[in-house]
Amino acid sequence: MAVEVQKAHATIAGLRTHYWQAGNGPVLLMLHGQLPGSCVAVEWGDQVRRFGQAGFSVYAPDVPGFGKTDNPSDFSIDVRIAHARAFADHFGFSRYSIWGSSMGSYMGCALACDDPRVHKLILNPSTILPPHLPGATATPAPGTVAAALQEITPSHENTRFLLKLVLKNPAAFTDELVRDFDENWNEKNHAAHRGRLALGNPKPLHAELPRLRNPALLLWGAEDRSTPTERAVLMQRLIRGSELHVLPDAGHWPQVDQRDRSQQIVTQFLQA
């Protein structure tokens with residue numbers, strides 16, 4: 001029986017919040033990252049339906065300042081983390097797992113440190129979350145997403161440029177994905193992007209990661225230039241009992257580059 005994806009709005013922490021929901025079963029909260037066109041449609045897309053079909057109750061919000069969700073007055077990561085927890089409160093989650101993409105992985109770890117309802121964690125590449133390699137600096141390297149975001153402005157050409165930085169599988173680079181990113185890199189969301197840039201990077205979470213007692217899966221793209229696999233290994237060592245899967249032909253968004261393989265690995269992890 002096919003599972004229908006519901007697209008709706010709810011008022012969460014005072015913000016009109018757009019979200020997708022599908023399926024019934026153990027709750028899986030999907031949190032996207034922070035490229036200026038990021039949202040549920042761009043970073044999760046059909047994975048919402050897939051995991052609803054696999055027996056999970058999937059919730060995937062456009063986090064504050066992205067997609068069709070209102071912009072907050074404060075663009076700090078703390079506001080997005082508090083909003084995600086308020087989202088869980090609003091829908092009455094008694095236990096939920098988190099799948100984070102990029103900055104969504106940072107948000108997931110921050111939530112897991114303080115919310116005992118969080119069960120399992122799936123963490124995709126994040127430029128902020130893992131420790132830096134010895135001798136490396138926090139200054140974005142040329143050719144990475146973080147470096148590109150410093151001065152970029154909305155345009156169809158820049159959409160394609162950013163997507164080519166995060167994706168490595170040509171089959172994942174579709175007209176539909178470009179269109180969705182374009183539509184969500186609008187005036188409202190670019191203003192939020194500028195607000196985030198003005199605040200700088202969030203504080204490191206490295207010292208907090210050993211506190212995690214959640215089963216954790218690190219799902220990494222082998223060809224992510226922004227967050228190489230060596231950084232994932234450093235992070236794995238900090239999260240007790242975590243496992244690392246590295247996918248070939250995948251970059252910063254393995255769930256988009258390798259949809260089928262990502263679904264298989266994450267489903268097995270969640271069902272174990």
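**View 1. The side chain of N189 makes a polar contact with the side chain of K188, at 2.5 Å.** A polar contact here is a pair of N or O atoms within 3.5 Å; within protein, one must be able to donate a hydrogen and the other to accept it, and residues adjacent in sequence count only if both atoms are side-chain atoms. The N189 side chain also reaches the backbone oxygen of G67, at 3.2 Å. Keep in mind that this is a predicted model, where local features need pLDDT of at least 70, side-chain atom pairs count only at pLDDT 80 or more, and totals for chains, interfaces and linings use all residues. Residues are numbered from 1 along each chain as its sequence is written, and side-chain values use heavy atoms, with hydrogens and water left out.

View 2. Is N189 buried or exposed? N189 is buried, with a relative accessible area of 0% (buried means under 20%, exposed over 50%, partly exposed in between, with a 1.4 Å probe and protein chains only). Leaving out residues up to four places away in sequence, N189 touches P36, G65, F66, G67, N71, N184 and R196.

**View 3. Helix 6 (residues 156-166) packs against helix 7 (residues 175-184).** Their angle is about 120°, and their axes are 10 Å apart. That makes helix 6 oblique to helix 7 (under 35 degrees is roughly parallel, over 145 roughly antiparallel, 65 to 115 roughly perpendicular, and the rest oblique). Helix 6 brings H156, T159, R160, L162 and L163 to the contact, and helix 7 brings L177, V178, F181 and D182 (contact means heavy atoms within 4.5 Å).

Methods. Axes fitted to C-alpha atoms, helices over the stretch in contact; angles between N-to-C directions. Helix = DSSP H or I, 4+ residues; strand = E, 2+ residues; numbered from the N terminus.
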